[in-house]
Amino acid sequence: MRYIKWVFIIVFWTIVLTFLHYTLPQKDVVRIVNTYEERQDLADWTRIFWSVPDDQSETLINRDVQFIQAIRPNGKNMVYRNEDTGWNWPPYFKFDTADLYTDANDMISTKDNPVWVSVTHYGWRNRFLSVFPNAISMKQVEGPDARVIPWVSIIILIILFAIFWAIRVRWRRFRRARIDPILQDAGETWDGVDQRYTETRGKFGRWLDSWRSKPKN
Amino acid sequence: MAVLRLIFVGFFILTIIYGIAALYSRSVRKAKLAQEWDTEIQQGDRDAFIREGLREYSGSFRRKLLFGIYIVPVLVILTIIYITNFVN
């Protein structure tokens with residue numbers, strides 16, 4: 001029973017943390033090298049990793065998606081998609097895909113004369129599933145080792161923790177005040193029943209015994 | 001329309017949260033009034049004291065602060081829209 005409880009707790013927190021890691025904004029410092037558009041199939045289950053930018057596309061089975069290709073300071077690559085999130089989840093309310101595409105093209109730079117950019121994004125890059133993080137905004141920074149602090153994520157995590165804690169404290173107080181006494185009551189009642197049964201059984205048993213044939217001598 | 005869905009679902013969820021918060025806030029106020037009567041006043045009608053206190057609470061600014069449950073998310077969404085789309 002204890003193992004089941006722990007498995008349940010671990011699965012629950014894994015789901016919560018995975019969800020937060022996918023949804024909360026992160027910032028990368030990168031150098032943008034190119035942008036491109038590519039037709040993407042939207043008919044399989046990986047549809048959940050693409051946005052729903054407008055009303056028509058919900059029934060489309062494929063459409064063009066904009067991508068931003070970038071190189072990180074350590075030389076490894078990163079590819080972002082550039083899609084409206086619109087009024088849908090996650091709540092970035094991004095409608096300026098075309099503007100961001102323009103900015104990205106404006107910030108394209110070469111290895112010899114690099115322009116470093118801090119790209120705010122959410123989501124994951126996965127090669128097997130062809131999943132790309134969605135770029136939200138970008139800002140030029142001084143250099144490849146510029147320090148970018150994810151204030152938004154920090155604030156959201158603090159607020160979430162505060163809400164979680166406030167509910168937890170109140171729930172524990174409620175349980176101590178209302179539920180534990182009832183359980184205790186039930187336990188005591190049961191003890192009483194148990195004892196009464198034992199006593200009654202004693203009386204009844206003695207009465208029964210009184211009908212049994214007495215050993216004759 | 002995604003925006004209508006957001007408005008309806010958001011309003012529904014916020015209404016649930018508002019309902020729970022309102023009930024909770026009222027019960028906390030009631031417990032405080034009862035405690036005040038038990039420890040300090042201890043004379044007159046206890047129920048009338050609590051009823052009067054709750055009536056005062058119903059018209060109070062503190063209770064109206066609960067409407068922030070509706071207002072704050074709207075302001076947050078407007079701020080996010082502004083920052084995402086109009087600030088580089």
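According to UniProt, in an unreviewed entry, the annotation "transmembrane region" covers residues 7-24 and 148-167 of chain A. The structure is a predicted model, and for chain B the UniProt record, again an unreviewed entry, lists residues 6-24 and 65-84 under "transmembrane region". The domain assignment of chain A gives domain 1 (25-148) and domain 2 (150-209), and the centres of these two domains, taken over C-alpha atoms, are separated by 51 Å.

**Annotated spans**

- Residues 7-24 of chain A are 94% helix and 0% strand, and the end C-alpha atoms of this span lie 26 Å apart.
- Residues 148-167 of chain A are 85% helix and 0% strand, with 33 Å between the end C-alpha atoms.
- In chain B, residues 6-24 are 100% helix and 0% strand, with end C-alpha atoms 27 Å apart, while residues 65-84 are 85% helix and 0% strand, with end C-alpha atoms 28 Å apart.

**Nonpolar surface patch of chain A**

- Ile149(A), Trp151(A), Ile154(A), Ile155(A), Ile158(A), Ile159(A), Ile163(A) and Ile167(A) form a nonpolar patch on the surface, and together they have about 770 Å² of accessible area.
- Trp151(A) is found in helix α3 (residues 151-211) of chain A, and this residue counts as exposed because its relative accessible area is 53%, where exposed means over 50%.
- Ile163(A) is also found in helix α3 of chain A, but with a relative accessible area of 45% Ile163(A) is partly exposed.
- The C-alpha atoms of Ile163(A) and Gly75(A) are separated by 41 Å, and the two residues are 88 residues apart along the chain.

- Although Ser109(A) and Ile32(A) are 77 residues apart in sequence, their C-alpha atoms are 6.2 Å apart in space.

**Salt bridges**

- Over all chains, the structure holds five salt bridges.
- One of them joins Arg39(A) and Asp64(A), with the closest N and O atoms 3.2 Å apart; this pair links distant parts of the chain, with Arg39(A) in strand β1 of chain A and Asp64(A) in strand β2 of chain A, 25 residues apart.
- Asp64(A), at 44% relative accessibility, counts as partly exposed.
- Glu83(A) forms a salt bridge with Arg81(A), the closest N and O atoms being 2.5 Å apart, and both Glu83(A) and Arg81(A) are buried.
- In chain B, Arg55(B) and Glu52(B) form a salt bridge whose closest N and O atoms are 3.1 Å apart; because they are three residues apart in helix α2 (residues 46-58) of chain B, about one helical turn separates these two residues.
- Arg55(B) is exposed at 58% relative accessibility, whereas Glu52(B) is partly exposed, with a relative accessible area of 39%.
- Elsewhere, salt bridges that share partners join Arg63(A), Arg81(A) and Glu83(A) into one network.

Technical notes
Residues numbered from 1 in each chain as written. Chains lettered and ligands numbered in written order. Predicted model: local features only at pLDDT ≥ 70, side-chain atom pairs only at ≥ 80, totals over all residues. Heavy atoms only, no water. Patch = residues over 30% accessible without salt bridge, like charges linked within 9 Å, V, L, I, M, F, W, Y side chains within 5 Å. Areas by Shrake-Rupley, 256 points an atom, 1.4 Å probe, with all protein chains shown as cover. Salt bridge = Lys/Arg side-chain N within 4 Å of Asp/Glu carboxyl O. Helix = DSSP H or I, 4+ residues; strand = E, 2+ residues; numbered from the N terminus. Buried < 20%, exposed > 50% of the residue type's maximum accessible area, 1.4 Å probe, protein only. Domains from an automatic or database assignment. UniProt positions renumbered as here; feature names shortened; annotations may be inferred.
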